[in-house]
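Good morning, and thank you for coming.

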Protein chains: 2
Amino acid sequence: MGFQKTVNQMDLQDFRPGIRSMAEFGDKMTMACMEIGSEKEDTGHQHPFDQCGIVLEGKIEMFIGDSRCILEKMDSYFIPAGVTHGWKTFDVPARILDVSAK
Amino acid sequence: MGFQKTVNQMDLQDFRPGIRSMAEFGDKMTMACMEIGSEKEDTGHQHPFDQCGIVLEGKIEMFIGDSRCILEKMDSYFIPAGVTHGWKTFDVPARILDVSAK
């Protein structure tokens with residue numbers, strides 16, 4: 001990617017069922033543009049690295065520990081390492097720009 | 001920050017001359033919403049960690065190694081560790097969401 005114009009409209013590839021993605025990998029972090037299909041859910045997981053991002057299109061509900069929020073375009077999130085988090089989408093896909101440390 | 005609604009409009013604090021910022025710090029990464037004033041320039045630097053982000057408002061020219069691009073709202077960048085990069089702004093401020101590994 002390097003520079004990516006209009007990342008909210010870029011072509012994505014199948015990543016896993018219900019999720020399309022295009023990622024760039026560095027030594028210490030991965031940046032991925034991801035589109036999560038409608039009516040999908042991750043009921044919660046955690047990992048030993050920080051994660052953050054911003055919603056580019058659509059709507060997604062996320063929880064980070066005890067905090068829960070419905071995020072829309074231009075809303076951001078920051079998930080500290082080790083904190084349980086999850087998400088669910090609604091009737092439209094959500095597109096996010098997500099960054100994970102390694 | 002945790003969740004931040006409309007990060008493109010959030011209140012920022014003076015960070016250094018010409019730059020206002022609000023950051024969240026994790027173990028392995030920092031996410032910062034930064035507003036860079038008009039007509040500013042960083043002629044180039046490098047560091048041993050990856051950096052990436054997205055333009056939220058305004059316009060900024062960046063170079064990463066030999067690549068150069070004028071970035072506007074919804075355009076993203078990824079700077080691999082160790083690669084010289086810099087930027088300049090034009091007649092309006094640029095607001096970016098920037099993520100650095102540690």
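This is a predicted model: local features need pLDDT of at least 70, side-chain atom pairs count only at pLDDT 80 or more; totals for chains, interfaces and linings use all residues.

Which residue in strand 1 of chain B is the bridge partner of Ser76(A)? The partner is Gln4(B). Residues are numbered from 1 along each chain as its sequence is written, and chains are lettered from A and ligands numbered from 1 in the order in which they are written.

Strands here are DSSP runs of E with at least two residues, numbered from the N terminus. Two strands pair if DSSP finds at least two bridges between them. Strand 9 of chain A and strand 1 of chain B, residues 3–4, meet this with two bridges, in the antiparallel sense.

Let us turn to the contact between the chains. Two residues are in contact if their C-beta atoms, placed from the backbone, lie within 7 Å. On this basis, 33 residues of chain A are in contact with 33 residues of chain B. Several elements of chain A give two or more residues to this side, among them strand 4 (29–36), strand 6 (51–57) and strand 11 (94–101). By class, the side of chain A that touches chain B has 20 nonpolar, seven polar and six charged residues. Nonpolar covers Ala, Val, Leu, Ile, Met, Phe, Trp, Tyr, Cys and Pro; charged covers Asp, Glu, Lys and Arg; the others, Gly among them, are polar.

How are the two copies related? The same surface serves both copies, since 100% of the contact residues of chain A recur in chain B.

Next, the interior. A residue is buried if 20 or more other C-beta atoms lie within 10 Å of its own, exposed if 12 or fewer, and partly exposed in between. A nonpolar core is a set of buried Ala, Val, Leu, Ile, Met, Phe, Trp, Tyr and Cys residues joined through C-beta atoms within 7 Å. The largest such core has 46 residues, and Ile54(A) and Ile54(B) touch the most other members. Beyond four places in sequence, the contacts of Ile54(A) include Met74(A) and Ile96(A), as well as Val7(B), Ile54(B) and Leu97(B).

Each chain also has an open sheet. In chain A, four strands in the order 5-10-7-8 pair antiparallel, and strand 5 (41–45) and strand 8 are the edges. Strand 5 and strand 10 of chain A share three bridges, and Asp42(A) stands opposite Trp87(A). In chain B, the sheet has the order 5-10-7-8.

Most residues other than glycine have a negative phi. Glu39(B), however, has a positive phi near 55 degrees, and Met74(B) has one of about 80 degrees. Are they buried or exposed? Glu39(B) counts as exposed because it has 12 C-beta neighbours inside 10 Å, whereas Met74(B), with 20, counts as buried.
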